[in-house]
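Please open the model in your viewer and keep the selection panel at hand. This tour goes from one selection to the next and says what is to be found at each stop.

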Amino acid sequence: MRFDGKTVYVTQADTEQGEALALRFAQEGANLVLGDASGDLVKKVEEKGARVLNVHPDLSTFEGAQALVDEVKAALGRIDVLIYNNNTVVRTGLENLSRDVFESQLNDNARTGFVLTRVVGDHMAEYHSGKIVYVSSIHADKPTGSAVMYSIAKGCINMLCKETAIFYGPAGIQANLIEVGAIKGDDEKFVSEFSPLYAMGYMEERIPRRKAGTNEEIAGVAAFLASEDANFVNGASLRADGGFELFYGFRAGKGEKVDE
Amino acid sequence: MNKAFDMTGKVFIVTGSGKGIGKGIVRCFVKSGAKCCINCNSNAAMAQEALKEIQAIGGPDCAFVYQADVSDFEQAKAMVEATYERYGRIDGLVNNAALQKQYPLDEYSLEDYDLLMHVNLGGYINMMRATLPYLKETRGSITCISSVHGKRPTHFDPVYAMTKGGMHMLMREAAIEFAKYGVRVNMVMPAGVKIEFKTGNPKPFTQPRFQAPREYFTKYSLYPLGRLGLPDDDGWACVYLASDEAEHITGTCLRADGGCVLL
């Protein structure tokens, strides 16, 4: 299997996306380090035959992240793959933006990524190999109209991924990013008064296959980027949204059923 | 006076304009007939020199200096109020005040990370929020100075690039959120610009780790047009984006880099 004997660290594993990622990597033979996972998830992942380390790191400092790496090394050995899966959405516009949301959104979705990238990057460099995958969002490109700080943080991560790709590339590490879009429930999360992107009831209409994406499908993309098959993919943004972002107002595709 | 774009009677705030790109932006607005608030934070003496230079172009009342740290919302707000009190209206904001530190990824301190996020992103947001009430009255514009490093990584300052990447999304979100007020939000993206000096930096590009491949820069120019950018290159881009001629332009990014990112 692709990840036999490898250790994969999934951050923010207590989310639906985190769970799908953990189960996918476990199914392909990996051992898992899970950030703040529930007891249920740990059990499910162990049932797939993986060894699991549930961690609650302090990612506000390099020292906190280093302590996490040391803990993993002692329990499972080196980290082969880092999946930065932090995606906390707080709905806010600029006009009503509070200082707290500014700080917390940048911290949860970008600063922790910077701290982890640096510490785990240095750790991977010692072994001259490793993969970093940022599970990001199409909102690193397309504005939401509903969660300005989320988009800004995704813009930051977009550039962090590219910096990581060129900085840690010589040390045998590849860093890539998934621009996730239009997963079931996103329309409730991002519905906006300024943008029809997530107009309620229409999200799936925008996707050429007329069906939202699943967390499992995203996990599959992450597994590809984390695998040996992606050794020559570095600093890339892979949009995984079923073509959602390409929609321009009409449905006229091949095989379309015309409304009576 | 250059009246390609007539800005007579209009008022602009340009952050970080005591020197460098910001000063060039003020120069272009004043040459077009506008009045400007020159903002500086660390170097008041240099901003006073800039003021003299600008007044020589537009007369004694065409500009004034206001010292404020834009990463502090209260100071940003006080500057905007002072500009309104002085000139009676505000037609546009140019967000330009930003820092760069030039450390590689594994040498960056979190103190510097936080500083850059608070100035480069927080400062831009503070100024947008403080200015918006006045821009609603004039259906004015906001222009953010970004960098080619909002698209292309740097190697020499990963956090700078992160803030510029965030800025791109800030500009796009603001463009759709403020559109209902007729307030347009755009961006100018320079590459290297020839300026007096930058503050807050260690010795730029002198670290032994920042090595270009042999003959790389001697054999090829970084810029197809054959020279570094000048502050006025970005200044005229800002004047255009703030002008009535650009009234249907919002959420866009005007790259003024001499073709740099094409190479």
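**Two helix contacts**

In this predicted model, begin with helix 3 of chain B and helix 4 of chain B, whose crossing is right-handed. Select residues 73–87 of chain B for helix 3 and residues 110–138 of chain B for helix 4, and you will have two helices that pack at an angle of about 35°, with their axes 9 Å apart. To see where they meet, show the side chains of B:F73, B:A76, B:K77, B:V80 and B:Y84 in helix 3 of chain B, together with B:N126, B:M127, B:A130, B:T131 and B:Y134 in helix 4 of chain B. By class, this contact of helix 3 with helix 4 in chain B comprises seven nonpolar, two polar and one charged residues.

Next, select residues 158–178 of chain B, which form helix 5, where the 21 residues at 1.5 Å each should span 30 Å, and the end C-alpha atoms do lie 30 Å apart, in agreement. Helix 5 of chain B is mostly covered, with 21 of its 21 residues buried.

Taken as a whole, the contact of helix 5 of chain A with helix 5 of chain B divides into 12 nonpolar, seven polar and four charged residues.

Conventions. Residues are numbered from 1 along each chain as its sequence is written. Chains are lettered from A and ligands numbered from 1 in the order in which they are written. This is a predicted model: local features need pLDDT of at least 70, side-chain atom pairs count only at pLDDT 80 or more; totals for chains, interfaces and linings use all residues. Axes are lines fitted to C-alpha atoms, for helices over the stretch in contact, and angles run from 0 to 180 degrees between N-to-C directions. Helices (H or I, at least four residues) and strands (E, at least two) are DSSP runs, numbered from the N terminus. A crossing is left-handed if the near helix is turned anticlockwise from the far one by less than a right angle, and right-handed if clockwise. Two residues are in contact if their C-beta atoms, placed from the backbone, lie within 7 Å. Ala, Val, Leu, Ile, Met, Phe, Trp, Tyr, Cys and Pro count as nonpolar, Asp, Glu, Lys and Arg as charged, and the others, Gly among them, as polar. The expected span of a helix is 1.5 Å times one less than its number of residues. A residue is buried if 20 or more other C-beta atoms lie within 10 Å of its own, exposed if 12 or fewer, and partly exposed in between; C-beta atoms are placed from the backbone.
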